[in-house]
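This report describes a ligand site and the strands beside it. Please look at the sequence and the structure first.

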Amino acid sequence: MDDCIFCKIIREEIPSQRVLEDGEFIAIRDIAPKAPVHVLVMPREHLASLDEIGRWDGGRAEKLLHFTVAVAEAAGVRESGYRVIINVGPDAGQEVDHLHLHVLGGERLGGLA
Ligand code: AMP
């Protein structure tokens with residue numbers, strides 16, 4: 001997508017701090033971290049949100065979850081624990097319309113769930 005900020009990051013038109021990447025997914029540090037560790041995991045392919053995941057076969061979604069665990073390991077929070085959040089749509093406060101998973105950790109997290 002031409003005007004998607006995360007697509008621009010994936011194409012390296014906008015700089016980012018990459019934590020992990022492979023042929024299908026990348027993980028970058030959030031520019032405004034809400035916890036000591038705050039990493040965004042996203043597919044290289046543009047999906048507007050989790051709501052479009054039906055376009056994928058099940059194997060790809062499973063790979064995304066395995067990649068997310070690898071990101072937690074790379075970010076140093078796999079043992080201490082971490083939270084994975086996906087905002088979908090306006091009521092969830094989704095700001096960027098490119099599917100991404102927040103990986104938060106590095107301290108004891110408060111919050112809703
Ligand atoms: P969401 O509200 O779930 O759409 O989350 C979007 C996230 O993207 C927010 O936590 C922002 O801080 C983050 N963000 C926006 N622009 C950038 C950027 N250029 N690099 C890294 N993170 C970004």
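The ligand is surrounded by 17 residues, and the closest are Asp30, Asn87, Glu95, His100 and His102. A residue counts as near when one of its heavy atoms lies within 4 Å of the molecule. The model is predicted: local features need pLDDT of at least 70 and side-chain atom pairs pLDDT 80 or more, while totals for chains, interfaces and linings use all residues. Residues are numbered from 1 along each chain as its sequence is written, and side-chain values use heavy atoms, leaving out hydrogens and water.

| Residue | Atom of the residue | Distance to a ligand oxygen atom |
|---|---|---|
| Asn87 | side-chain N or O | 2.9 Å |
| Gly93 | backbone N or O | 3.0 Å |
| Val96 | backbone N or O | 3.0 Å |

Taken alone, the ligand exposes 500 Å², and the protein buries 90% of that area; accessible areas come from the Shrake-Rupley method with a 1.4 Å probe. The elements that give two or more residues to the shell around the ligand are α1 (5–10) and β2. Helix α1 gives the most, with 3 residues. Helices (H or I, at least four residues) and strands (E, at least two) are DSSP runs, numbered from the N terminus.

Asn87 lies in the loop between β4 (82–85) and β5 (101–105). Its relative accessible area is 22%, so Asn87 is partly exposed; the class falls between buried, under 20%, and exposed, over 50%, with a 1.4 Å probe and protein chains only. Asn87 and Leu99 are 12 residues apart in sequence, and their C-alpha atoms are 8.6 Å apart in space.

Strand β2 (residues 25–29) is largely enclosed by the rest of the structure, because 4 of its 5 residues are buried. β2 pairs with two strands, β1 and β3; two strands pair if DSSP finds at least two bridges between them. With β1 (residues 18–21) the pairing is antiparallel over 3 bridges, and β1 and β2 form a hairpin with 3 residues between them. With β3 (residues 37–43) the pairing is also antiparallel, over 5 bridges. Ile28 of β2 is the bridge partner of Arg18, and in β3 the bridge partner of Ile28 is Leu40.

Terms used. A polar contact is a pair of N or O atoms within 3.5 Å; within protein, one must be able to donate a hydrogen and the other to accept it, and residues adjacent in sequence count only if both atoms are side-chain atoms.
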